[in-house]
Amino acid sequence: MTMNKDMMDAIEKDNVVFLSTCSDNTPNVVPIGFARPIDNEHILLVDNYMNKTRENLEKNPRASLVLRDASKCPYQFKGTVEIFESGKYFDDAVDWATSVMSKLSPKAAVVLKVEEIYSVKPGPDAGKKVD
Ligand SMILES: Cc1cc2nc3c(=O)[nH]c(=O)nc-3n(C[C@H](O)[C@H](O)[C@H](O)COP(=O)(O)O)c2cc1C
C-alpha cells in the first residue's frame, strides 16, 4: 500500500503525529513532531527523546500512527520501522531537527515503511483497509 499525495501533504503539514508501539501487553503512544514523508511508502520520524518507544521498536519493529488532525487525514498508517544511527536518513534527521531547534541532538532516524493503511473516518468505512 502506498500513500497518496493528499496523505503525504497532510503528514508534511500537520506538525504532530501520534506514534503507537508495543512489545508486551501495554501499547505505548507518544506525540512526535518530527515526522514527514520520504516518499509514498516511507515516513521519517526523528528520535530525539524516545525511550519506551525505542525499547519497543527494538523488540518489535511494528508501529502505527495517526495524525493529530485526523479529521483532515483520517487514516491509520501501519508498518515496520528501521532505525538508523548513521547514514543518509540519520544525516537528514539531524539536519532537519537542528535547523528547527539548534539544541536538539537526534539519537536516530526511525523510518516507517507503510505497509497497511486503514480508514478511521467516522461512518460505514471506519476501520476498513484502504486498497
Ligand atoms: C508536541 C510534542 C512533540 C514531540 N516530538 C518529538 C519528536 O519529534 N521526537 C521525539 O523523539 N520525541 C518527541 N516528543 C517527545 C515524545 O512524545 C515522548 O516524550 C518520548 O518519546 C518519550 O516517551 P516514551 O518513553 O514513551 O518513548 C514530543 C513531545 C511532544 C509533547
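## Helix 2 and its two faces

In this predicted model, the face of helix 2 turned away from its buried side carries two exposed residues, Glu-58 and Lys-59. The helix runs over residues 52-59, and its buried residues are Thr-53, Asn-56 and Leu-57.

Several strands contribute to the cover over the buried residues of helix 2. Among them are strand 1 (17-21), strand 2 (28-32) and strand 5 (62-67). Strand 6 (75-84) and strand 7 (108-119) are also included in this cover.

## Overall architecture

The protein chain contains three helices and seven strands. In sequence order, these elements form the pattern α-β-β-β-β-α-β-β-α-β. With a radius of gyration of 14 Å, close to the 14 Å that the globule rule gives for 131 residues, the protein chain is as compact as a globular protein of that length.

The C-alpha trace spans about 45 × 35 × 20 Å along its principal axes. Buried residues make up 29% of the 131 residues. Of the contacts between residues at least 6 apart in sequence, 66% join residues at least 24 apart.

In soluble globular proteins, nonpolar side chains tend to be buried together. In this structure, the largest nonpolar core has 30 residues, of which Ile-43, Leu-45, Ala-109, Val-110 and Leu-112 touch the most other members. At least two residues of this core come from each of helix 1 (5-13), strand 1, strand 4, strand 5, strand 6, helix 3 (88-100) and strand 7. Strand 7 gives the most, with six residues.

Leu-45 illustrates how parts of the chain meet. Leaving aside residues up to four places away in sequence, Leu-45 touches Leu-19, Ile-32, Phe-34, Ala-35, Val-110 and Leu-112.

## The ligand shell

The ligand is surrounded by 15 residues, the closest being Gly-33, Phe-34, Asn-51, Lys-52 and Thr-53. Thr-53 is also one of the buried residues of helix 2, and Phe-34 is one of the residues that Leu-45 touches.

Strand 2, strand 4 (42-47) and helix 2 each provide at least two residues of the shell. The largest share, four residues, comes from strand 2. By class, the shell comprises eight nonpolar, five polar and two charged residues.

Key:
Residues numbered from 1 in each chain as written. Predicted model: local features only at pLDDT ≥ 70, side-chain atom pairs only at ≥ 80, totals over all residues. Buried ≥ 20, exposed ≤ 12 C-beta atoms within 10 Å, placed from the backbone. Contact = placed C-beta atoms within 7 Å. Rg over C-alpha atoms; globule rule 2.2 N^0.38 Å. Near = placed C-beta within 6 Å. Nonpolar A, V, L, I, M, F, W, Y, C, P; charged D, E, K, R; others polar. Core = buried A, V, L, I, M, F, W, Y, C linked by C-beta atoms within 7 Å.
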